[in-house]
Amino acid sequence: MKDLPTPKEDILSELAQIQSKDLKYSDGKILGSMCTEAHPFAKEIYIKFLDSNLGDPGLFKGTREIEEKTINIIGKLLSIDKAYGNIVTGGTEANIMALRAARNHARKYKGIKNGEIIIPESAHFSFKKAADMMNLKIVESELDDNYKINPKSVQDNISDKTVSIVGIAGTTELGLIDPIEELSNIAFENNIYMHVDAAFGGFSIPFLEMAGYNFPKFDFSLPGVSSITVDPHKMGLAPIPAGGIIFRKKEYLKVMAIDSPYLTVKTQSTVVGTRLGASSVATYALLKYFGSDGYSKLALKLMNNTKFFKNNLEKIGYNIVVEPELNIVAFNHPTKDADILAKELKDLNGWIVSVASCPKAIRIVLMNHVTKQHLTQLLKDLKELF
Ligand SMILES: *Cc1c(COP(=O)(O)O)cnc(C)c1O
């Protein structure tokens, strides 16, 4: 069968009709996602750089320079003067790169084969993908009563095959920050690579600290920390896909380098080959546009919404799972199962919440598109369903 060309207007109208099936962030019904609508300025920048390919950086020297600047700005936010790394597709790819660096480093300098990684039970599922791809064995460390990794359990799990210890700064389900300083000490004393997954918290914790919040140390100010993941496409408001992987030393990129003979540079350390320059540039533009001041204001607003929501939930009679540290609230009805309540919320008014597994609870992520008005309506509905 041969297809004739279709007029643009027909294609556009077909796509608009199909797109109408998608949910929109602006409706305020998406309550369990860690993504949000990208900032309009970032979208404007993004399309200007759609053709620049950082897989072949010799051809796009300007874009590569912007990627380096972006990594350095994020590095400074994470307390390191000279940072190495890349803007990649997201937290998953960033975590894969971190573990690949850890594995290759341990293979090169300690001769470890069939390595193990120690992760908390609360770790994002991307570590399972990484372990599967790289033939690493996952050793899960227990959580304490507050759902944070228990450092004692990490210490006990160390073996002569351990290639990395992982801690989370802003867990996916509850937004909690692991005791990174204790993990860093353990990693440092045992000469083991330590990765911090701050995919969620990375664009929030440093800015909240500037606004007066007190968090325990989680970044490169701790000598044991080797790499950190941060996702600009979450609270950073960058367009998808934008994740960041920041390394303390260039060596970690070198141990992953693969020869890339036909390109303008002779080696490549990233997982993907051809890759977007636009993500780096959009992230850079937003970092300049907001400044740390602007990002602090955004982060504070999310925390205010979090407190507002949490306090009112408690007034109605719902039980909070744990005191929120970042912009996630997990809660339960005193008797009703979380899945049932989630379904009732959907049926009543189209709310799309997510259900956390550890522990089982309704989980609301207070992202930038969720406003006070949305929350007020949600609380009204939760009261009705109580
Ligand atoms: C979101 C998240 C990830 C995964 O990031 P993607 O961008 O979805 O690949 C990994 N770790 C944590 C802690 C996250 O919150």
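Let's start at lysine 76, which sits in helix H3, residues 61-77. Helices here are DSSP runs of H or I with at least four residues, strands are runs of E with at least two, and both are numbered from the N terminus. Before I go on, please keep in mind that this is a predicted model, where local features need pLDDT of at least 70, side-chain atom pairs count only at pLDDT 80 or more, and totals for chains, interfaces and linings use all residues. Residues are numbered from 1 along each chain as its sequence is written, and side-chain values use heavy atoms, with hydrogens and water left out.

Back to lysine 76. With a relative accessibility of 53%, lysine 76 counts as exposed. For that label, exposed means over 50% relative accessible area, buried means under 20%, and partly exposed is in between, using a 1.4 Å probe and protein chains only.

Isoleucine 11 belongs to helix H1 and is partly exposed at 36%.

Now for salt bridges, meaning a side-chain nitrogen of Lys or Arg within 4 Å of a carboxyl oxygen of Asp or Glu. How many are there by this rule? The count is 15 salt bridges.

One of them pairs glutamate 67 with arginine 275, with the closest N and O atoms 2.9 Å apart. This pair links distant parts of the chain, 208 residues apart: glutamate 67 is in helix H3, and arginine 275 is in the loop between strand E9 (267-268) and helix H10 (278-316). Are these two partners buried or exposed? Glutamate 67 is buried at 0% relative accessibility, and arginine 275 is buried at 10%. Both belong to a network of salt bridges that links Arg64, Glu67, Glu68 and Arg275.

Next, glutamate 251 forms a salt bridge with lysine 108, the closest N and O atoms being 3.9 Å apart. Glutamate 251 is in helix H9 (residues 251-254) and lysine 108 in helix H4, so this pair ties together parts that are 143 residues apart in sequence. Lysine 108 is exposed, at 56% relative accessibility.

A further salt bridge joins lysine 336 and glutamate 344, with 2.6 Å between the closest N and O atoms. Here glutamate 344 is partly exposed, at 24%.

As a reminder, most residues other than glycine have a negative phi, and most peptide bonds are trans. A cis peptide bond joins cysteine 358 to proline 359, with omega about 0 degrees, and proline 359 is in the loop between strand E12 (354-357) and strand E13 (360-365). Isoleucine 240 and proline 241 are also joined by a cis peptide bond, with omega about 0 degrees. Proline 241 lies in the loop between strand E6 (227-230) and strand E7 (243-247).

What about phi? Asparagine 135 is not a glycine, yet has a positive phi of about 55 degrees. You'll find asparagine 135 in the loop between helix H5 (126-134) and strand E3 (137-141), and at 54% relative accessibility this residue is exposed. Asparagine 191, also not a glycine, has a positive phi of about 55 degrees. Asparagine 191 is in the loop between helix H7 (180-189) and strand E5 (193-198), and is exposed at 57%.
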